[in-house]
Structures are given as structure tokens and as C-alpha cells.
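Have a look at the picture, then work through the points below.

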Amino acid sequence: MSEGRPPRRLRLSRAPSQAKAQRTPPVVPASLIERLLKGDLSSALELTLNELQDELPGVVQGLFWVRTGPNHFNLGAARGVPEAVLEGREEVLESALRSAYLGPLEGWLGGVAQVDHRPHPLTRLLGVQPAEAQEAPANLILPLAVDRQVWAVLHLHATAQQLDPAAVGWVGRFVSSIAPILYEVYLRERAERQSLWLSAINTLLQASSEQPLEVVLRDALAEASRLSGAEGARLIAFEGHAIRTIAQAGWGAGLAVEAAITRQLGQRVRSGQQVGIPRYDLYPGRRPELVEAGLRSLFIFPIQRHSNEASALLLFSTQRHWLPNTQIQELLGDMAAAIGVVRVERALRRGLAWAAYTDPLTGLGNRRAFERDLERLTARINGRTVVLMLLDLDEFKAINDNYGHVHADHLLVRLGGVLRARARAGDRAYRLGGDEFALIIEGSSTLNPQRVAERYRALLEDIRVSDSTYLKVSLGYALFPTEAADAQSLWRLADDQMYRDKARRKGRTPLFAPSDDPTQWRLQLETPLFRLAARLAQVLQMAPEEQQVLQASCYLLELALGRIKPSQDVPIPENLLYEAVRVLMRLPTPWEEARQSQNWLRESVPRAVHVLQVAQHYTSAIQAVEGRAACSVEEALEEIAALAHQRFDPAVVEALYSLRVWLNSESAT
């Protein structure tokens with residue numbers, strides 16, 4: 001052979017069989033070995049089949065089955081078999097391949113070739129009818145074994161003349177000479193595949209806790225989809241008869257692929273069964289919109305339960321007959337287990353964080369969360385105002401003593417619910433301990449802390465202790481950075497303000513309490529008229545001075561109607577008393593007439609007049625009197641609405657309608 005000339009290809013002699021039998025074992029060229037090692041297993045097997053067909057022209061069809069699991073084989077390569085015959089091929093059991101082999105078990109485990117003249121191997125294994133050889137067909141079955149375990153099986157279909165003993169012997173020697181190379185490629189590919197999956201699983205398990213769980217799961221699903229050959233993947237959870245998508249990746253975004261899981265399929269998955277549908281377009285329970293969108297096959301892998309939730313991996317493809325083989329299913333199982341571990345770990349972390357920073361009774365932040373958030377907000381100056389508001393429940397010990405600890409705890413639970421549901425967006429509420437609470441409020445320099453504070457006080461003082469008693473709250477607030485330069489100073493100043501407010505409230509009379517600032521007088525009166533008037537004032541966002549006039553007017557009106565008894569110790573300021581009397585004098589004047597006289601006399605009518613008119617009419621309407629039954633809430637509202645623009649201020653009537661839910665709850669109580 002001259003230098004540089006490629007090695008001569010091995011060719012079987014066309015001499016009689018006796019000459020073939022005397023041929024020496026073939027020598028595998030180095031170029032063939034290089035080509036076998038260069039590609040993946042599928043290309044190596046196809047190359048082997050090509051070599052066999054080149055040497056044996058009478059071989060019509062060749063197939064290579066490769067082990068994919070403990071008891072499963074998949075078709076790794078095929079030559080001469082129409083694609084329509086192989087479409088939808090599934091894994092076959094080792095027992096099926098073994099039954100097609102006529103030789104003894106020792107021959108199977110030892111890699112001894114056997115020839116038979118029975119029907120085509122695909123007919124026996126898959127029930128299909130490929131084209132037969134035209135004359136005296138024969139089948140060669142050659143298992144490839146290592147350490148008495150078969151890892152691949154070669155099937156050749158040819159004429160009996162081409163598969164005579166000499167040819168069979170040569171095939172056995174040729175395949176045995178390259179079998180170690182094929183096995184090396186087989187092991188390398190399995191190891192590489194397993195390495196890719198393990199890398200994806202390790203990435204999932206080592207994801208930073210700072211990274212959102214949704215992103216972590218989405219990346220894991222993207223890897224599972226890519227490595228399994230699917231086009232899309234989803235993590236789903238079963239909630240009753242409904243299915244919720246937790247995370248998704250790949251094809252089908254925006255498509256309700258989970259709708260493909262019927263109730264029967266869901267029951268199988270919940271019981272721990274894997275479900276594969278290779279032709280969803282032919283499935284009896286298919287959804288036409290999913291088929292129209294391109295869904296053709298899907299595979300559902302259940303995730304081991306770590307709680308009451310049943311979840312699963314859903315992988316799907318637009319290709320027909322896509323299903324992961326046994327090895328991929330095992331690796332999917334590892335991925336599913338890792339996903340379950342990550343979700344449980346994140347849930348435990350959330351639970352620990354919740355326990356560490358949440359008050360278990362009220363659901364508000366605890367003292368630790370309060371100190372953490374206060375330090376964070378006061379550690380930077382960004383031009384925004386931080387208001388620290390401290391609240392303390394007045395005479396809460398008396399509530400414990402009079403009604404018991406269970407009732408008192410229930411009040412705290414309701415208080416926490418009110419703060420969680422009614423707090424302004426961005427405001428953070430905390431329980432510091434016992435009956436002490438705090439709010440951290442961040443806003444612009446135009447924030448009115450007094451108005452916000454009184455709003456929260458009104459919210460909490462709407463919580464009923466008993467039929468005639470409501471919670472009372474003392475509060476104080478301080479501003480950062482205008483009033484305090486650090487967290488400790490801010491806390492100390494707000495605490496001082498709160499105790500000053502508590503001292504004032506303890507020293508006040510049963511109705512009014514004095515203050516250093518006359519505009520801070522506050523009425524404590526529990527009558528339907530007063531409570532409705534206070535609610536309307538809150539909805540209308542009346543100024544504190546207007547609310548004080550309204551409170552004093554309610555007090556004088558209740559006295560005039562005999563609903564409360566006069567008190568000799570009510571220190572109403574003289575100017576406030578004058579304004580309240582002025583309101584009552586204008587009370588009989590309808591809204592339209594008052595509006596016209598206001599334009600004519602150029603004298604403003606206090607809003608307290610219009611609020612009290614509506615509140616008085618409503619509270620009278622829902623009370624039964626001699627000769628008239630009590631109106632329902634809806635009847636009273638309709639009656640007042642009919643008089644809007646004439647007798648009543650439309651803005652106040654609209655505010656009354658906005659309180660419909662509260663009015664019904666008050667009526668029921």
C-alpha cells in the first residue's frame with residue numbers, strides 16, 4: 001500500500017461458501033474506528049449497519065436495539081425500514097427480544113448469533129409488517145453482551161443465501177471486533193447525558209435563596225425540556241378538581257396545556273402513575289383547541305408528595321410519538337425529586353421567616369421585623385418622610401378582666417385583620433407586644449401625619465368590644481428626618497408623644513378630653529347618630545376642625561332629643577359650643593334652600609349641617625316609632641336618595657351609599 005493511500009475496505013468474496021468460511025477475521029480499519037468514536041451512538045450504529053450492508057448486499061433491513069433501562073430497549077438505528085413502519089415505535093422489553101432469540105440463554109448472554117426463518121422481528125416485536133426479502137427470508141439476531149448483560153441487539157433481515165453459515169460467522173466476527181468501540185460510545189453517551197442532567201439538578205439545588213423561586217423553577221423546567229427532547233414543560237399542582245400551573249418554560253406559553261389532563265388522567269397521576277400520550281391528536285379526551293394549537297404528545301411525571309399537595313411535571317411536544325425513554329424517565333425522576341426538595345426547602349424558609357418576623361396572633365410584623373424595617377428606612381435619606389406611629393390600647397387590662405383572655409385575644413386578631421386589610425398601600429403594621437402596636441409610614445414631604453394618624457385611630461376604634469363598648473386607642477407619632485435623625489431618637493420621640501396622648505385621654509371627662517391644642521378636642525360618645533356622623537366625616541375627609549364641630553353638634557342634638565343625659569363636667573370650649581349651636585339652628589333648612597341663601601347672603605353653611613341632616617334622617621328612619629314601622633337599610637337609603645338635591649346634599653348622600661355594607665352590618669348587630 002503506497003503512503004497516504006486509504007486502507008482497503010473489507011469486502012466479502014463472491015466465491016462459493018466454502019471459500020468464505022476459510023476467510024480470516026476482518027481487521028477494522030483505523031479510519032472506521034475514528035469515525036465510530038467521533039459521533040454519537042446513533043451515528044455509530046448507523047455506520048455499522050452501512051458497513052454490514054456494503055459487505056452483504058442481500059441484507060434488506062438492519063436494526064440495532066439499545067438498552068435504555070434495566071428491562072427496556074429502544075431502537076437506536078435502522079436501515080431499509082420505511083419511516084411509516086417505525087413511526088410511533090415504543091420501547092420493547094428485554095423479555096420480548098429474548099423470546100425472539102431461538103438460542104439458549106447462554107448463547108444470549110454470551111453474544112452468539114442465531115439465524116431463524118420465522119416472521120420478521122418487527123412483526124413479532126411491534127406487530128408491524130415491513131417488506132420481506134423476496135426469496136427464502138432469514139433473520140439474524142446477534143446480542144452484544146458485556147459481563148453477561150446484553151446492552152444491544154442486532155437484527156438483520158436478508159435472503160437465506162446471504163445469511164449462510166459463512167456470512168453469519170463473518171458478521172459475528174466483524175461485530176465482535178467493533179463491539180468494544182460501540183460499547184465505549186454507548187457508555188460515553190449515557191455518562192454525558194447523565195452528567196448534563198446532574199448538572200441541571202445541581203444548579204437547581206444550589207440556586208441562591210435570594211433568587212425568586214419562580215425563576216429557579218422556570219430555569220429547571222427549561223433544562224428538563226431541552227434534555228428530554230420535549231418542547232415545553234410545566235410544573236402543575238392539583239387543587240381539588242382544578243389544576244394550577246406553578247411554573248412553565250418553552251413552547252406553549254399562554255396555552256392552557258394543563259387542560260389536556262382529564263379527570264381520569266389526573267386521578268392516575270395523583271396515585272403515582274406516569275402517563276404518556278404519544279398521539280394526543282388521536283386521544284379520546286383531547287381538547288380541540290390544543291390540537292389546533294399544535295399539541296401532539298405529552299408525558300406526565302408525578303412528584304413525590306411532601307405535603308397534602310399533589311404535583312407533577314408535564315412535558316409536551318408538537319411532534320408525534322415523542323415520549324422519554326426509560327433512562328430519561330429515571331433522570332426526570334431525579335429532577336422531579338429535586339424540584340420537590342427545593343419547593344419544600346423554600347416553604348420551610350418562608351415558614352421560618354414568617355415565624356421569625358411575624359406575630360402569630362395578629363399576623364402583623366413582630367418586634368424583630370419592626371426594628372429591622374425601622375433601621376433600614378432610617379439608614380438612608382432619600383428626600384422622603386418616614387412617620388413612626390406608636391399605638392396603645394386604652395384599658396386593655398380591663399377588657400381581659402371583664403371578658404376573659406379568649407375574648408381579648410379575639411379582639412387582637414380582629415385588630416390585626418383591620419390593619420392588614422385597611423392599611424394604606426405601603427404602610428407596614430407591627431405588634432410590638434401585648435396591646436402595643438406600631439405603624440411605619442413612608443411618604444412625600446406633603447404627607448399629613450395627623451390626618452393619617454386620626455384615620456388609623458378611627459379604624460381601630462370601630463372595633464366593637466361589646467354591644468355598647470368599642471376599643472380606645474392612644475397614639476403618638478414622630479417624623480424622620482425632620483424631627484429625629486436616627487431610629488432610636490425617632491422611636492423615643494413617638495413613644496413620648498403616645499404617652500402624652502394616653503395621659504390626656506385618661507384625664508379627660510367621659511365625653512370630651514382637653515388638650516394643649518383646642519383643635520384636638522375629641523368626643524367619646526356611642527350612639528347611632530354619632531357613629532354614623534363620624535363615618536360620613538371620614539368618607540368626606542372633613543378637616544379635624546370640622547369634625548370637632550360635628551361632634552359637638554351631635555352631642556347637643558342627642559341632649560335635645562333626650563337620648564343621653566347631660567353632664568355637668570363637659571368642658572366644651574366656648575367657640576366650639578357657638579359653632580355647634582349655629583349648626584343646630586340651620587339643621588331644619590333644606591340643602592337647596594341653604595345653598596341659595598348662601599349665595600344671596602354670601603355666608604358659608606358649615607358642612608356639619610349637611611352631614612347631620614342626613615345622619616339624623618337615616619337614624620330616625622330605621623327606628624320604629626308609634627304609628628310607623630322601622631325602615632330597612634335599603635328603604636331608608638332610597639328615601640334619602642329621593643330627597644337628594646332638594647333636602648339633602650348629594651355629596652353626603654353619595655357618601656352614605658358608600659357605607660351600605662357597614663350600615664347593613666350595624667343593622668344586623
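At 1.5 Å a residue, the twelve residues of α18 should span 16 Å, and the end C-alpha atoms of α18 are 17 Å apart, which agrees. The expected span here is 1.5 Å times one less than the number of residues in the helix. Helices (H or I, at least four residues) and strands (E, at least two) are DSSP runs, numbered from the N terminus.

Before going on, a word on the numbers. This is a predicted model, where local features need pLDDT of at least 70 and side-chain atom pairs count only at pLDDT 80 or more, while totals for chains, interfaces and linings use all residues. Residues are numbered from 1 along each chain as its sequence is written, and side-chain values use heavy atoms, with hydrogens and water left out.

**Helix α18 and its partner**

- The buried residues of α18 are Leu 529, Phe 530, Arg 531, Leu 532, Ala 533, Arg 535, Leu 536 and Ala 537. (Buried means under 20% relative accessible area, exposed over 50%, and partly exposed in between, using a 1.4 Å probe and protein chains only.)
- Helix α18 (residues 528-539) packs against helix α24 (residues 650-658) at an angle of about 105°, and their axes are 9 Å apart. That makes α18 roughly perpendicular to α24. (Angles of 65 to 115 degrees count as roughly perpendicular; axes are lines fitted to C-alpha atoms, for helices over the stretch in contact, and angles run from 0 to 180 degrees between N-to-C directions.)
- Who meets whom? Leu 532, Leu 536 and Val 539 in α18 meet Val 652, Ala 655, Leu 656 and Ser 658 in α24. (Contact means heavy atoms within 4.5 Å.)
- Sorted by class, the contact of α18 with α24 has six nonpolar residues, one polar and no charged ones. (Ala, Val, Leu, Ile, Met, Phe, Trp, Tyr, Cys and Pro count as nonpolar, Asp, Glu, Lys and Arg as charged, and the others, Gly among them, as polar.)
- After α18 comes Gln 541, with a positive phi near 55°.

- Strands of a sheet pair through backbone hydrogen bonds, either parallel or antiparallel.
- Six strands make an open sheet in the order β3-β2-β1-β6-β5-β4, with antiparallel pairing. The edges are β3 (92-93) and β4, each with a single partner strand, so one side of each is left without a neighbour in the sheet. (Two strands pair if DSSP finds at least two bridges between them.)
- Strand β4 (residues 114-116) pairs with β5 in the antiparallel sense over three bridges. Asp 116 has Asn 139 in β5 as its bridge partner.
- Strand β5 (residues 137-146) is mostly covered, with seven of its ten residues buried.
- Ten bridges join β5 to the antiparallel strand β6 (residues 149-159), and Pro 143 stands opposite Val 153 in β6.
- Helix α8 (residues 165-205) lies across β1 (59-67), β4, β5 and β6, running at about 45° to β5.

**The turn between β5 and β6**

- β5 and β6 form a hairpin with two residues between them.
- Asp 147, in this loop, has a positive phi of about 55° although it is not a glycine. Is Asp 147 buried or exposed? Asp 147 is exposed, with a relative accessible area of 76%.
- Arg 148 is in the loop between β5 and β6 too, and has a positive phi of about 60° without being a glycine. Arg 148 is partly exposed, with a relative accessible area of 48%.

**The four-strand sheet**

- Another open sheet has four strands in the order β13-β14-β12-β15, paired antiparallel. Its edge strands are β13 (428-433) and β15 (473-480), each pairing on one side only. The twist averages 20° from one strand to the next.
- Five bridges link β13 and strand β14 (residues 436-443) in the antiparallel sense, with Tyr 430 opposite Ala 438 in β14.
- Helix α16 (residues 449-460) lies across β12 (385-393), β14 and β15, running at about 150° to β15.
- A cis peptide bond joins Phe 480 and Pro 481, with omega about 5°. Pro 481 is in the loop between β15 and α17 (487-507).

Conventions
Angles under 35 degrees count as roughly parallel, over 145 as roughly antiparallel, 65 to 115 as roughly perpendicular and the rest as oblique.
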